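The points below are grouped by topic.

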Amino acid sequence: MNGIPGLLLLGALAALANLAGGLLLASSGAYRHESKLLKYLVALGAGFMLAAIFIEIVPETVALWTDGARGDDAAAAVVGAFTLLLGGYLLIQLFEHTVAPHFHFGAETHPEHVIRPSAAYAAIGGLTIHTFFDGVSIASAFLVNTKVGLLVFIAIMLHKVPEGFTVASIMLASGRSSRKAAAAALAIGAATFAGVVGVALLKERFAGSVAYALPFSAGVTLYVAASDLIPEVNRKEEKNPMVSIVVFAGVAAFYLLHRLIPR
Ligand SMILES: [Zn+2]
Ligand SMILES: [Zn+2]
């Protein structure tokens with residue numbers, strides 16, 4: 001994958017996956033309609049993302065921030081990087097679950113909580129901030145190197161269809177039309193693309209910007225994997241142990257690709 005045009009292509013693919021998820025639901029017209037396949041996709045995505053964060057992004061971040069430093073200097077540099085990671089995590093706690101009164105991944109099964117327009121739009125606003133950083137993650141990973149970029153792209157892609165589905169489900173559950181549901185999926189896709197473009201533009205101005213964008217967006221990805229997707233895997237209403245097993249399959253799939261893709 002070469003340079004900015006390749007990056008924009010991947011950003012567009014991620015955005016289209018959001019739209020596809022939205023259209024999948026909007027065409028069925030029933031917000032509770034959730035296929036088993038999507039549930040497995042959420043679990044696979046969660047495992048793959050967690051592995052990508054800890055095996056790929058965190059080591060690359062530490063390498064970028066320490067850059068030959070040793071001892072106390074290296075430790076202080078790592079604190080800076082991990083503070084950004086924590087900041088990314090908390091940003092999504094703030095916008096998806098503090099500002100927005102009701103948000104979770106998957107089908108919106110509680111229409112009473114999103115019937116107020118402000119509740120539905122706050123949830124979608126939080127999700128839009130999260131998808132912007134999905135784009136930032138993809139782009140900053142590619143700017144580190146192609147291998148990291150490809151693995152992070154796959155990690156993000158795995159949850160993009162369920163994400164489009166989620167936003168469409170919120171719109172339908174709050175009484176809006178299929179057309180508006182599809183438009184909301186398009187909006188979160190556009191935010192993803194904007195995240196990719198944002199990093200590409202920033203890179204032109206500040207050579208060091210990737211060192212900041214990488215851990216911050218990794219914090220967002222960590223939130224999405226561990227605090228949005230895993231709770232959906234573990235949802236009490238449905239006890240299907242296979243779904244949880246697929247989380248481990250996601251980790252295994254990551255590890256396999258990590259070994260197979262040359263640097
Ligand atoms: Zn709900
Ligand atoms: Zn996302």
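This is a predicted model: local features need pLDDT of at least 70, side-chain atom pairs count only at pLDDT 80 or more; totals for chains, interfaces and linings use all residues.

How are α5 and α8 oriented to each other? The axes of helix α5 (residues 117–144) and helix α8 (residues 178–205) cross at roughly 40 degrees, and α5 and α8 are therefore oblique to each other.

**α5 and α8**
- The two axes, of α5 and α8, come within 7 Å.
- The crossing in which α5 passes α8 is right-handed.
- Sorted by class, the residues in the contact of α5 with α8 are 17 nonpolar, seven polar and two charged.

**α1 and α7**
- Helix α1 (residues 3–28) and helix α7 (residues 160–173) have axes that come within 6 Å and cross at roughly 45 degrees.
- α1 passes α7 in a crossing that is right-handed.
- On the α1 side, the contact is made by A14, A17, N18, L19, A20, G21, G22, L24, L25 and A26.
- On the α7 side, the contact is made by K160, V161, P162, E163, G164, F165, V167, A168 and S169.
- By class, the contact of α1 with α7 holds 12 nonpolar, five polar and two charged residues.

**I261**
- I261 lies in the segment after α10 (241–260).
- I261 counts as partly exposed, because it has 13 C-beta neighbours inside 10 Å.
- Leaving aside neighbours within four places in sequence, I261 is in contact with K147, L150 and L151.
- I261 and V148 are 113 residues apart along the chain, and their C-alpha atoms are separated by 9.5 Å.

Conventions
Residues are numbered from 1 along each chain as its sequence is written. Chains are lettered from A and ligands numbered from 1 in the order in which they are written. Axes are lines fitted to C-alpha atoms, for helices over the stretch in contact, and angles run from 0 to 180 degrees between N-to-C directions. Helices (H or I, at least four residues) and strands (E, at least two) are DSSP runs, numbered from the N terminus. A crossing is left-handed if the near helix is turned anticlockwise from the far one by less than a right angle, and right-handed if clockwise. Two residues are in contact if their C-beta atoms, placed from the backbone, lie within 7 Å. Ala, Val, Leu, Ile, Met, Phe, Trp, Tyr, Cys and Pro count as nonpolar, Asp, Glu, Lys and Arg as charged, and the others, Gly among them, as polar. Angles under 35 degrees count as roughly parallel, over 145 as roughly antiparallel, 65 to 115 as roughly perpendicular and the rest as oblique. A residue is buried if 20 or more other C-beta atoms lie within 10 Å of its own, exposed if 12 or fewer, and partly exposed in between; C-beta atoms are placed from the backbone.
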